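Please read them alongside the model.

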Amino acid sequence: MPTTSASDGTSLHYRVLGDGPRTVVLVHGWMVSGAVWNWMLERMDLTGLRLIVPDGRGTGQSGKPTGGYTLEGLAQDVLAVADAAGAQRFTIVGHSMGGQLAQWVAAQVPSRVDAVMLVNPVPAAGLPLPPDAAGLFRTSAGSREKQSTIMNLSCKLLGTDVLETLLKDTANTSAPAIENIFDAWTKGGFADKLSAITAPTLVLATDDAFLPPAFLRDAVVNPIRRARLAYLPGPGHYPQVERPVELAAVLTAFLSGSAPA
């Protein structure tokens, strides 16, 4: 499996699937690694595609430093992986906090991004949580019970075997990553940059209790000039796990409709 180094020397692990001319970078969210995309990837037709799937710092097989867990730092890690994979121009797909990072990348280096798909994205402005939820989320490192509670609160269609696989992944995420990335995504702080996004953008909403469709339309779709909202009923916060066939179909259709000239 290929690795590269972040600007501070942290090892960044990533996977490459397919060898087509269209490059797609898949950015995972908080607490999990790039493995969260596996259920959807198994259902994807890779014809014409090259998918790059990083493990963010502190997760999966990437290095687990004590620092670097700011939104800008994490987004720069995504760009470091894209550079290492030779992806000068790409489509970026981000889920949850990874959707927040995708917005940052698309706004900061718009010339490199040909399309954006945001799956239940955290807004660029951040997403403050009620104190009880914030306490649960931020102190969940190393606690199977707390991480299981978070997954069950977040998801509507989660089987026991799938939950077990997710918990094995989250157990490998470092405490600094859990705590500092939580602080970063809840705070946000770059909503004023969204007008710089020039790529066609699809925002996918589900029956997510934390990020309902009407909220995503106001907080994410409306500030991005070429953004549209799509709604997938049924799943909660993790459609790539809860409804992987449907999400693979939505992504495939979006890629077909947003192919660069």
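1. Helix H2 (residues 71-84) and helix H3 (residues 97-108) have axes that come within 9 Å and cross at roughly 75 degrees, and the two are therefore roughly perpendicular (65 to 115 degrees). Axes are lines fitted to C-alpha atoms, for helices over the stretch in contact, with angles from 0 to 180 degrees between N-to-C directions. Helices (H or I, at least four residues) and strands (E, at least two) are DSSP runs, numbered from the N terminus.

2. On the H2 side, the contact (heavy atoms within 4.5 Å) involves Leu71, Glu72, Leu74, Ala75, Gln76 and Leu79, and on the H3 side Met97, Gln100, Leu101, Trp104 and Val105.

3. This is a predicted model, in which local features need pLDDT of at least 70 and side-chain atom pairs pLDDT 80 or more, while totals for chains, interfaces and linings use all residues. Residues are numbered from 1 along each chain as its sequence is written, and side-chain values use heavy atoms, leaving out hydrogens and water.

4. Eight strands form an open sheet with mixed pairing, in the order S1-S2-S4-S3-S5-S6-S7-S8. Strands S1 (3-5) and S8 (227-231) are at the edges with a single partner strand each, so one side of each lacks a neighbour in the sheet. Two strands pair if DSSP finds at least two bridges between them.

5. S5 (residues 90-95) pairs with S6 (residues 113-119) in the parallel sense over six bridges. His95 has Val119 of S6 as its bridge partner.

Terms used:
Parallel < 35°, antiparallel > 145°, perpendicular 65-115°, else oblique.
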